[in-house]
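Subject: Structure handover

Hello,

Here is the structure for you to look over. My notes follow below it.

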Amino acid sequence: MARFIAVRLAATLLLLLALSFIVFGLLHLTPGDPARNLLGPRNPSPEALAAIREKYRLDEPFLRQYFLWLNDVLHFRFGTSIRSDTPVTTLLADRVVLTLQLALMSFVLTVAVGVPLGIAAAWRAGSLFDRTVSVSSVIGVGAPSYAVGLVLLYVFGVWLEIFPVYGSGDGGLDTWWHLVLPAITLAFGIGALAFKVTRTAVASELQQDYVAFAYSRGLTHSQVRALVLRNALIPVATSLGLVFGFLFGGTILVEVTFALSGIGGLLASSVTFKDIPVVQAITLITAAVIALTALAVDVLYYAVDPRVRQRGLR
Amino acid sequence: MSQPLSVSRRALLQGAGGSALLLLIAACGDDNASVTTTGGTDGGEGIDTTGPATAEEIDTLTVAFPSSLSNIYPGQEAGNFNYYVAVLVAEALAAPDSTGKLVGALAESWTQPDATTYVYTLRSGVTFSDGSALTADDIVYSVGLAKDEAMSPNTAYYWANVDKAEKTADNEVTITLLSPDVAFEWGPVAANAMWVTAERFVTAAGGELGTPAALFTGTGPYKVTSFEPDKGVELERVDTYWGGKAPVKTVKIEFIPEETTRLLARKAGDIDMAISISLDQEQQWKDTDATDVLFAADRSYVGIDFNTAVEPFDDIHVRKAIALACDRATYVEKLINGHGEVATALTVPQQIESVVGDKAREMLAVVYDLPFDLEAAKAELALSKVPDGFSCKVGVSSSAPQVSQFFQALAATVKDMGITIEVEEMPVEQWYGTIGSPDWGLAYMWYFNATGDPAELISWFLAEGNPASYTSEEVAALLQQQREEADPALRVDLIIEAQRLAMEDIPYVPLWWGEAATAIDDAFTIDDFGSYTLLSPWTTRILTKG
Amino acid sequence: MNALELVDLRVTGPGGPIVSRMDLTVAPGETVALVGESGSGKSMTAKALTGLLPRGVTATGAMRLGDTEVRLDDGPSALVGLRGRRISLLLQNPFTSLSPVHRCGQQIAAALPGGGRGDTAEVLRRLAEVDLPARVARQYPFELSGGMRQRVALAASLAADPLVLIGDEPTTALDVTTQREVLNLLARIQQERSMAVLLITHDLGVARERADRILVMYAGRLMESGPGADVFSSPLHPYTSGLRDSEPPLAVRLERLPAIVGSVPRAWEIPDGCVFAPRCSRADHACTVNTPVLEGGQRRVACWKPLAAGEHAQPTAVAFTETARRDDDLVVVSNLTKRFGPDSPPALDDVHITVAAGEAVGIVGESGSGKTTLARCLIGLERADSGTITWADGETGARRAQIVFQDPTSALNPAMTIEAALAEALRAGGLDRSEVPALLDLVGLPVAYARRRPNALSGGEQQRVAIARALAPRPRLLICDEPVSSLDVSVQAQILNLMNELLDELGIALLFITHDLAVVRQVVRRVYVMHHGRVVESGVMDELISAPQHDYTRQLFASVPGR
Amino acid sequence: MKRLPITPLVAAVPLAVVAVFVVGAQWLAPDATTQDIYTGVTPPGTDGHLFGTDQLGRDIWQLSIAGAGSAVIGPIVIAIGSMMLGLLLGTLAGYIGGGLDLVLSKYADLLLALPTTLIALVVAGLVDGGYWVTVLVLLVLFSPTDIRIARGAVMAQATRPYIESARVLQLSRTRIMFRHILPNVLPIALATMLLNVAFALVAMSALSFLGFGVGPGTPDWGRQLSDGRDLIGQNWGAVVVPGLLIIITAAAINLMGDWLQERFEQRGAQR
């Protein structure tokens with residue numbers, strides 16, 4: 001187990017290294033002189049330009065810039081935001097937490113709603129229930145989250161006055177309360193995805209011989225269900241791992257709609273402002289979360305599937 | 001001349017920097033100085049004048065801004081909304097009154113013994129929000145702070161012409177300029193380029209000012225109790241404020257970037273006031289229960305810039321043809337829902353009203369008055385080097401949808417003349433790059449005046465290095481003259497004459513002067529609401545209706 | 001009282017009836033074999049009896065399990081509570097019938113009357129009953145061999161002590177030696193428990209050897225039934241007779257297997273009248289109009305023109321007339337060794353074989369014996385670790401050797417027409433596509449098939465095309481890897497006949513790889529027996545059968561069912 | 001589980017309509033971009049304008065018809081492009097295997113770790129290349145899924161006897177890959193492609209909505225949704241029509257893709 005995790009961790013770190021290079025390269029993809037971009041509309045004096053070049057190490061060769069940046073990143077320093085002149089780490093600290101909270105909550109919602117529905121639909125494949133949920137899920141995948149968010153806001157925020165309309169509250173429980181509607185909005189499309197994945201996985205397990213065999217020897221529905229779910233868990237967990245990453249990266253529209261100060265909204269504005277250090281940091285952090293989720297899924301896989309344990313590393 | 005230019009650019013940044021998208025401009029016929037209050041539940045007719053307003057204590061006022069702030073010290077981040085917060089917390093030597101005239105703030109009065117020397121007499125009994133007294137040393141320090149490029153990149157340029165600031169008595173500070181500049185009076189104003197604080201606060205802030213970890217402390221009627229970028233600011237009343245106790249005890253400023261969400265927040269009763277609401281949603285705000293919508297000119301100018309150094313715009317016939325094709329009255333009516341007025345000059349009327357009063361529009365009308373006349377436009381194009389038309393592109397900030405629509409409408413109009421205008425939307429930062437760029441012959445300016453100085457825009461737009469690459473010795477001479485003219489009325493004449501002269505060559509086409517809308521719970525009213533309201537401690541003017 | 005009584009079972013699917021008018025009884029301790037080829041409806045019968053029919057398939061009829069009446073019309077719910085305790089089902093494939101992620105003990109325990117954990121004394125006792133050690137309780141299915149897995153499955157299906165056990169091809173996926181062990185085990189347990197067993201199989205040998213009574217099923221109907229000893233020795237129904245004759249005998253080589261013409265009809269092809277009439281040599285017009293019913297006493301038959309007892313003539317055996325030129329070796333394999341992983345046992349261990357030009361050689365072995373690896377090395381799909389393969393003369397490329405695989409459905413590219421596939425193979429041998437009709441004719445297919453795609457063909461037809469493709473480049477050696485083992489018996493006979501014809505006609509060498517001694521007997525004269533990667537014995541077929549030298553060879557012969 | 005093919009029929013109707021929109025926009029909606037600033041915003045039902053007009057007086061319905069093109073063509077290019085990329089790389093990885101497989105699989109892993117919408121937004125926002133750059137970025141970001149699916153399918157096919165027979169016939173690798181493997185991997189790749197079209201449609205309209213999509217004046221559903229969001233009080237049609245078009249199209253494509261996938265899987269299982 002330890003060896004398995006160690007090897008996967010090493011692979012993940014390599015992956016992140018490669019990603020960091022891509023992410024850093026984004027800065028250099030930006031058209032024009034980065035220093036001019038950093039200065040924005042101000043009338044740049046040669047001294048100011050030189051100062052900026054020094055501050056952002058633009059006078060160094062590209063690879064050296066990259067290694068210096070990487071070194072900083074490894075020490076959790078992401079540079080200084082151009083827009084607000086604040087260390088990016090400070091800027092991101094709370095926002096990452098909020099976005100993680102949001103992602104986590106919608107993930108829980110996704111799993112709590114999408115997965116059971118998927119199981120139920122697969123169990124009754126072809127039934128009216130199955131068709132209804134399947135068709136709704138297809139609509140869920142296509143519905144723009146902005147529109148979903150506003151509809152939810154209108155119904156639950158303004159009309160029924162159950163949930164707050166905007167913002168992230170005052171921390172603690174209040175924040176979780178504020179995140180309910182955004183999380184539902186986010187979970188709407190992705191829950192549909194989770195539903196689909198679960199339904200497919202469970203339906204294909206239900207086709208397996210071991211299910212017929214289990215019934216034939218008198219196992220009850222709930223016993224068979226336990227059998228099937230354990231087997232279906234493997235493909236479902238893999239997909240849900242990806243879903244979590246997707247959620248984390250997909251918070252932009254929801255954060256804008258609900259006025260949440262997470263990293264999605266910050267990213268949108270930072271891109272507009274070409275606040276490259278912030279963009280780099282957010283992209284890298286998001287990619288890291290996705291990669292670590294994949295790692296977690298691998299470990300889970302390892303724990304759940306004895307065959308993988310046996311085979312060990314491929 | 002580089003220093004006014006810098007001011008202007010900073011002011012431009014204020015307007016455009018992330019907030020212009022939400023700064024909605026509105027028109028109000030010709031009587032722009034007055035404020036129209038409409039709304040309420042009855043669908044928005046008439047002016048709500050129920051009962052006299054009283055300065056009753058208001059426990060909490062929740063105000064929604066349409067964009068977020070990442071730093072509340074405007075020296076670091078200068079957007080309109082940073083100013084709206086800053087003026088509640090910190091003050092400077094002078095402040096604009098409701099007409100834009102400068103009156104004393106921390107300075108009781110000031111004198112100008114010669115063209116480059118300003119002597120400010122400080123108000124006594126002023127304390128910081130922590131209770132400590134304000135001293136002349138603090139003023140001197142604050143000038144230094146505003147001048148410091150590292151601490152205040154957004155204001156340093158403004159102070160470049162300042163030779164020194166020194167304490168000349170216990171309650172007196174003298175500021176000396178390198179060269180005469182009448183517009184300097186607007187420097188030590190909290191709505192523009194100075195916020196008085198004390199060295200010990202800045203030291204305590206560890207060099208980072210205006211961040212959540214290092215809030216800045218001033219002498220204003222409020223102190224910041226919490227600030228979370230992208231979320232909101234909370235302000236607490238300072239009971240020792242020299243100007244008296246404000247009626248609102250706690251001001252909560254929330255950042256809600258999505259317009260519809262902000263509207264829903266109001267409908268749910270979560271916010272009391274919303275600044276710069278979307279004009280497209282005017283009716284929905286008005287239809288919201290217990291909500292008044294107030295309009296006031298925001299002293300913004302929107303107009304076309306031709307780069308006269310770029311073909312084919314080096315040809316006056318081309319410029320004139322396009323100018324004649326602009327149906328400005330319709331744009332004002334349709335694109336900004338009538339909340340604004342057709343611009344006739346670079347200077348907006350409110351900049352000169354404090355000097356010339358009601359005659360402002362009449363005086364500005366002489367600057368530019370080309371009518372909408374397609375036939376004339378065609379005739380004009382026929383005279384040009386490109387009689388069969390040409391193609392060009394124009395870069396529009398994605399935060400300025402009305403401008404994008406304007407250019408699309410213009411493009412449709414001039415298509416028959418053989419002119420193809422391709423509108424490209426781009427992030428605001430990239431739009432800056434189009435201004436005065438040789439790659440973009442056709443550009444536009446959406447400019448928010450930061451100060452009340454009448455020459456603010458022309459000292460960029462008509463001066464050397466202007467975005468139109470326009471040069472005229474006569475105009476330059478007039479510009480220099482106004483800079484040193486001490487008599488405000490005569491100065492206004494010079495300013496108008498300079499642009500009138502320049503506009504004969506049509507380097508610019510003024511389109512409209514904008515208006516902004518503020519929504520507020522109809523239990524409250526804002527005393528003497530106008531163009532300058534939000535640039536002075538505005539929450540002190542919020543009163544409860546009887 | 002019978003343990004199982006079934007009256008008028010009918011199973012209907014979306015495409016029409018699958019099983020019609022089926023009556024069946026099984027007494028305690030009795031084994032009844034339900035014999036039939038694919039598509040005969042025997043598996044659907046098993047599913048109907050356990051309430052496990054797929055969606056869209058319904059059953060009607062009455063069933064009695066011991067003293068409990070079950071109305072099958074009531075759907076699957078009728079059997080809830082009875083499954084496991086009254087009736088239980090053992091499936092063919094032990095690889096898929098157990099959950100891969102649960103321990104064996106758990107899976108057995110799940111059906112125990114008290115439920116419980118996977119390592120209780122009861123579970124261990126159940127494992128001991130099927131001759132498995134206690135450690136198996138903690139193991140996962142993938143850690144066990146096929147035979148052990150099927151024992152686990154057996155223990156699991158018996159956990160709730162059923163009156164009736166249905167075995168749906170329970171040993172088909174196993175090697176012959178393992179098959180025998182499992183069948184013996186089943187017989188022992190059946191006796192101990194006095195359990196009724198319904199054995200569903202396509203293997204006449206297994207049925208003959210194990211069943212007290214045999215029921216023959218074809219296209220959803222019972223054709224014939226009777227005591228196990230009689231049904232195949234003196235068949236009454238032409239189908240039963242044909243089926244029996246199609247089965248290659250181990251003892252003798254027949255010049256030609258008496259195959260039934262045509263193939264088993266698919267659900268939508270079932271004709272009116274007697275379902276067997278289109279393939280029956282005795283059928284007349286009446287047979288195609290009126291449906292016969294199963295009639296009789298001990299021996300019952302559904303036929304308008306049944307065979308009289310003893311009417312059926314035994315086919316005659318012939319001597320092998322191959323004239324191998326032993327001095328003219330086509331290919332010589334020496335010292336061939338192959339290992340798939342450092343930790344795995346060798347797949348090939350110092351193997352020597354030779355095939356002479358024009359000679360038909362067999363390789364016999366069970367799964368894991370290395371016979372397929374040898375074939376793949378010969379054909380170039382696998383590279384040996386050491387050893388040499390020497391080809392006699394300069395023939396290279398596609399013209400040296402070709403191969404026919406076991407599964408005809410996946411042997412052909414589903415996206416290509418028969419013509420395209422054959423033309424491609426011809427081109428590989430430097431020949432022109434104009435020979436396609438001739439090729440089709442060679443393997444006994446109508447020329448019109450050229451335009452069809454593989455999925456429009458039956459399994460036997462597909463295998464004919466696969467053979468045609470292999471022959472197209474005119475190879476010197478044809479390798480056939482289990483070419484008939486996934487075909488129905490009646491079709492298998494056709495293909496074996498075809499191969500013998502082709503060998504006579506084309507004079508090419510054949511390497512025939514199979515686990516089935518009787519099959520290889522019909523095609524080759526000389527055979528190699530492989531076990532654990534080694535050639536343990538080789539020689540002329542007749543001698544090998546009469547006097548096997550190696551223990552393993554003896555064991556192999558002894559395991560052949562129904563001898 | 002044979003059902004009447006109601007699903008594809010139901011899905012085909014809106015898809016056919018959208019296809020007609022895309023192909024026939026110039027005849028169906030000749031005045032899509034015709035402005036009438038004097039009219040400005042009008043509510044649905046205003047004379048001659050079924051769903052009203054926008055700020056520039058353009059007819060919402062005609063604009064929506066014309067907008068089908070940029071809303072759908074980009075996603076189709078993305079899906080087809082990433083399918084081709086996926087098939088090419090996936091076939092190479094799956095059939096040739098070895099080091100190439102390792103490199104290509106790692107490449108797919110790398111891309112999979114990138115948050116799609118986010119990267120598309122970053123690149124579109126920073127490079128300012130407009131519509132086709134976004135299409136290209138999404139194409140690349142969508143490809144790892146296709147690579148994986150193609151690789152898996154190819155590997156499943158590659159061990160099938162018919163491929164081995166082809167190898168025994170000494171056919172060239174290229175011929176085996178393109179003539180034998182590819183046609184059999186294509187159906188599952190096509191089903192994936194359809195699902196990708198739906199995802200790309202949603203992703204691109206989200207980008208458009210955030211202001212990183214097509215330029216002004218170009219009809220596009222995402223852009224209409226974004227431009228019209230403040231207009232909802234004056235003309236609900238400006239938001240509802242493009243919004244519904246996005247939802248219905250994405251749902252129909254999804255239904256179709258699911259159905260196809262299910263069918264191919266069933267067919268595969270029968271083999």
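**Chain C against chain D**

About 1900 Å² is buried between chain C and chain D, with 60% of it on carbon and sulfur atoms. Please keep in mind that this is a predicted model. The contact involves 25 residues of chain C and 17 residues of chain D.

Two salt bridges cross the interface of chain C and chain D. One of them joins C:R376 to D:E164, at 2.5 Å from N to O. Eight residue pairs are in polar contact across the interface of chain C and chain D, both residues being at pLDDT 80 or more. On the chain C side, at least two residues each come from α9 (371-379), β19 (401-404), α10 (408-411) and α11 (418-428). The most comes from α11(C), which gives five residues. Sorted by class, the side of chain C that touches chain D has 15 nonpolar, five polar and five charged residues.

**Chain D against chain A**

Five pairs of chains touch, and the pair with the most contacts is chains A and D. Here 34 residues from chain D meet 36 residues from chain A. Chain D and chain A bury about 3300 Å² between them, and carbon and sulfur atoms give 79% of that. Three leucines stand out on the chain D side. D:L110, D:L118 and D:L126 supply 19% of the area that chain D buries against chain A, more than any other three residues.

What about charge? The count between chain D and chain A is one salt bridge. Its partners are D:D258 and A:K196, with the closest N and O atoms 2.9 Å apart. The helices α3 (98-112), α4 (116-127), α7 (173-209) and α9 (237-270) of chain D each supply at least two residues of the side that touches chain A. That side of chain D has 26 nonpolar, two polar and six charged residues.

Chains B and C are another matter. They do not touch, and their nearest C-alpha atoms are 48 Å apart.

**Helix α5 of chain B**

Look next at helix α5 (residues 259-267) of chain B. Eight of its nine residues are buried, so the helix is largely enclosed by the rest of the structure. The buried residues are B:E259, B:T260, B:T261, B:R262, B:L263, B:L264, B:A265 and B:R266. After α5(B) comes B:G269, which has a positive phi near 80°.

B:R266 also takes part in a salt bridge. Its side chain meets that of B:D521 at 3.2 Å, N to O. This pair links distant parts of the chain: B:R266 is in helix α5 and B:D521 in strand β19 (residues 508-521) of chain B, 255 residues apart. B:R266 is buried, at 6% relative accessible area. B:D521 is also buried, at 14%.

**Other salt bridges**

Over all chains, the count comes to 60 salt bridges.

- B:D453 and B:R491 form a salt bridge, the closest N and O atoms being 2.9 Å apart. B:D453 is in the loop between β18 (442-448) and α14 (458-461) of chain B, and B:R491 is in helix α16 (residues 488-503) of chain B, 38 residues apart. B:D453 is buried, with a relative accessible area of 5%. B:R491 counts as buried at 6%.
- C:D67 and C:R86 meet in a salt bridge at 3.4 Å, N to O. C:D67 lies in the loop between β4 (58-65) and β5 (68-71) of chain C, and C:R86 in the loop between β5 and β6 (87-90), so the pair ties together parts 19 residues apart in sequence. C:D67 is exposed at 58% relative accessibility, while C:R86 is partly exposed at 23%.
- A network of salt bridges links C:E122, C:R125, C:R126, C:E129, C:D161 and C:R193.

**Cysteines**

Why does C:C377 count as buried? Its relative accessibility is 6%, and buried means under 20%. C:C104 is buried too, with a relative accessible area of 1%.

Best wishes

Conventions: Residues numbered from 1 in each chain as written. Chains lettered and ligands numbered in written order. Predicted model: local features only at pLDDT ≥ 70, side-chain atom pairs only at ≥ 80, totals over all residues. Heavy atoms only, no water. Contact = heavy atoms within 4.5 Å. Buried < 20%, exposed > 50% of the residue type's maximum accessible area, 1.4 Å probe, protein only. Helix = DSSP H or I, 4+ residues; strand = E, 2+ residues; numbered from the N terminus. Buried area = accessible area lost by both parts, 1.4 Å probe. Salt bridge = Lys/Arg side-chain N within 4 Å of Asp/Glu carboxyl O. Polar contact = N/O pair within 3.5 Å; in protein donor to acceptor, adjacent residues only side chain to side chain. Nonpolar A, V, L, I, M, F, W, Y, C, P; charged D, E, K, R; others polar.
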